[in-house]
Amino acid sequence: MGVTTHGRTSRLDLADPTLREWECTVLAADPETGIVLDRSAFYPGGGGQPPDHGVLLWQGVQTRIAGTRKGDELYLIPVEGDPLPPVGTAVTGAVEDERRTLLMRTHSGLHVLCGVVFRDFGALVTGGNMEPGEARMDFNLPEVPADFKARLEALVNDEVTADRAVDVRVLPRADALALPDIIRTQSNLIPPDEQEIRIVDIVGLDVQADGGTHVASTAQIGRVQVVKVESKGRANRRVRVRLA
């Protein structure tokens, strides 16, 4: 397992998050466990980002992909009742572009939010989740300024319009963990046996260990609206956002 492969599947989604269509071969196909490909650009979900949807096209037949399951292999889950391509079949994979692109924009927007809250308010992340175009992020933030919601929205959108580059690189574990403030969650979520760590750097604002897909620059996120700030405990604050 790692940032380039999962079981027998090469992870094209992390190598090139703009890839939407590719050629591949079926390694396994079972109605219960799912379909395994030798190469896949389907993001399998994780870190709060949902899995991709899409299709496999083969010999004039279409198999819709409704999700994924991670285990010893990276299993694609077909829509119930759709035909399964036989093992050894050459297929064309295609990711649903609108959903993936919106999730990339949303995920990068959360990194901007996280970077601003850490830089300006000193708070770490305690949880989060996203759907296409909307998300929530929880912070350990005991004291909340009276103008926090409006101020946060303005600060986040200042960083979006600054058009900061979003760079991705993979580092050996020791080199990654030596970076200052690389863990922005209250607890370290990096598996102890992971020897390579993928780093997402919003240049000049936020550097984090992260396994999701992102846009190339903050300007591609679009305007971020802070919808609501809620108290979820004595020190926990939930920030709900959506893309305008």
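Predicted model: local features only at pLDDT ≥ 70, side-chain atom pairs only at ≥ 80, totals over all residues.

Me: What makes β10 and β11 paired strands?

Reply: Strands are DSSP runs (E, at least two residues; helices are H or I, at least four), numbered from the N terminus. Two strands pair if DSSP finds at least two bridges between them. Six bridges join β10 to β11 (residues 134-140), and the two run antiparallel; therefore they count as paired. Within β11, Phe-139 is the bridge partner of Val-125.

Me: Why do β10 and β15 stand at the edges?

Reply: The open, antiparallel sheet has four strands in the order β10-β11-β16-β15. β10 (125-131) and β15 (224-231) each have a single partner strand, so one side of each is left without a neighbour in the sheet.

Me: Which strands does α2 lie across?

Reply: α2 lies across β10, β11 and β16. Helix α3 (residues 148-161) packs on the sheet and touches β15 and β16, where contact means heavy atoms within 4.5 Å.

Me: What makes a space a cavity?

Reply: On a 1 Å grid over the protein atoms alone, a cavity is a set of points where a 1.4 Å probe fits but cannot get out; lining residues have an atom within 4 Å of a point. The structure holds one cavity of 30 Å³ or more. Its lining includes Thr-106, Glu-134 and Arg-242, and α2 (97-121) and β16 (236-243) each give two or more residues to that lining.

Technical notes:
Residues numbered from 1 in each chain as written. Heavy atoms only, no water. 1 Å grid on protein atoms, 1.4 Å probe; cavity = no way out; pocket = protein on both sides within 12 Å on 5 of 7 lines; lining within 4 Å. Points joined across faces, edges and corners; volume = space filled by probe spheres on them. Axes fitted to C-alpha atoms, helices over the stretch in contact; angles between N-to-C directions.
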